[in-house]
Amino acid sequence: KQFMTALQSKDAEGFYHGLWMVGFVIASISPIIGLHEYSAGVFKVMWRSSLTKRLAKAYLSGSGTGQDNNPFYKLTLTGEIDNPDQRICDDVKDFVEVAFHLVQDSCSTLLNVAGFAGLLYSISPSICIGVLFYALFGTIVATLVFGPSIARYQNLRVKQEAELRYSLIRVRENAESVAFFRGGKAEWSKFSTLFSDLLAISYKQVQVHTSYSVFNRTFHWATFAAAPLMVGPSYLRGEVEFGVIGQASMAFGTILG
């Protein structure tokens with residue numbers, strides 16, 4: 001606030017003092033951010049390693065003969081879980097990434113709201129309440145309107161990609177038999193069908209993501225006008241300093257970010 005107010009009042013000493021303070025804060029935080037990113041990366045690798053080993057051991061460790069004693073054989077016959085190889089390798093990685101970022105973003109959001117809501121409340125209680133309701137509205141729309149469709153098409157695409165990849169792996173593993181029985185055309189026909197289904201799903205996914213992106217960007221762009229609109233009248237009446245507008249905009253953007 002003091003930094004922007006000094007700039008507006010053409011206070012050179014206050015402006016450069018604020019500039020040095022901003023630089024000091026950035027220099028102090030940078031090592032902490034680096035440590036956080038490194039620790040997060042190591043944690044994700046360790047978590048993925050543990051889950052992958054547990055699932056692979058449960059899948060491959062057989063205690064005897066027959067499908068009941070060999071999970072990999074049972075799943076092949078029953079098809080209860082499609083493409084278990086991908087589930088163990090790729091889906092574990094995706095699960096770790098999504099789960100970690102979900103927890104990280106949730107904690108970050110709670111801390112931001114707790115920290116900056118107090119700042120907005122000190123400026124104006126009505127602004128603070130308005131920001132919280134604005135953020136809640138955007139979250140509800142994104143979760144209930146776009147969330148189910150995004151999750152549905154993501155799952156369908158992952159499953160279809162696995163089926164497509166498996167069809168090629170099966171041809172490679174049985175290349176001699178496929179060549180002997182002249183099955184190349186049949187395999188190509190099957191591949192074309194699977195690939196067409198994948199393209200159809202991908203186009204649907206693009207449409208959903210486009211709609212969500214338009215809503216998300218519009219929702220966030222509106223914040224550039226919302227904060228000045230709420231604080232501007234108070235500044236024009238001389239109730240607050242000019243720097244309060246920038247302060248409110250930063251707090252507004254941080255909470256909604």
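I am working from a predicted model.

**Aromatic rings**

I started with the ring pairs. The structure holds nine of them. I looked up Phe215 and Phe219. Their ring centres lie 5.8 Å apart and their planes meet at 25°, so I log the pair as stacked, the cut-off being under 30 degrees. Both residues belong to helix 7, which spans residues 184-221. They sit four residues apart, about one turn of the helix. I then checked Phe219 for burial. Its relative accessibility is 10%, so Phe219 counts as buried.

Next I looked for a cluster. Phe43, Trp47, Phe95 and Phe100 form one aromatic cluster.

I also looked for a charge over a ring. Arg152 lies over the face of Tyr153, and the distance to the ring centre is 4.9 Å.

**Gln160**

I moved on to helix 5, residues 125-173, where Gln160 is placed. Is Gln160 buried or exposed? Its relative accessibility is 13%, under the 20% limit, so I note Gln160 as buried. I listed its contacts, leaving out residues up to four places away in sequence. Gln160 touches Leu194, Asp197, Leu198 and Ile201.

**Cavity**

I searched the whole structure for cavities of 30 Å³ or more and got one. The largest cavity holds about 30 Å³ of space. Which residues line the largest cavity? I find Asn83, Asp85, Ala162, Arg165, Tyr166 and Ile169. Helix 5 gives the largest share of this lining, with four residues. By class, I count three nonpolar, one polar and two charged residues in the lining.

Key: Residues numbered from 1 in each chain as written. Predicted model: local features only at pLDDT ≥ 70, side-chain atom pairs only at ≥ 80, totals over all residues. Heavy atoms only, no water. Phe/Tyr/Trp six-rings, centres within 6.5 Å; stacked < 30°, edge-to-face > 60°. Helix = DSSP H or I, 4+ residues; strand = E, 2+ residues; numbered from the N terminus. Buried < 20%, exposed > 50% of the residue type's maximum accessible area, 1.4 Å probe, protein only. Lys NZ or Arg CZ within 6 Å of the ring centre and 35° of its normal. Contact = heavy atoms within 4.5 Å. 1 Å grid on protein atoms, 1.4 Å probe; cavity = no way out; pocket = protein on both sides within 12 Å on 5 of 7 lines; lining within 4 Å. Points joined across faces, edges and corners; volume = space filled by probe spheres on them. Nonpolar A, V, L, I, M, F, W, Y, C, P; charged D, E, K, R; others polar.
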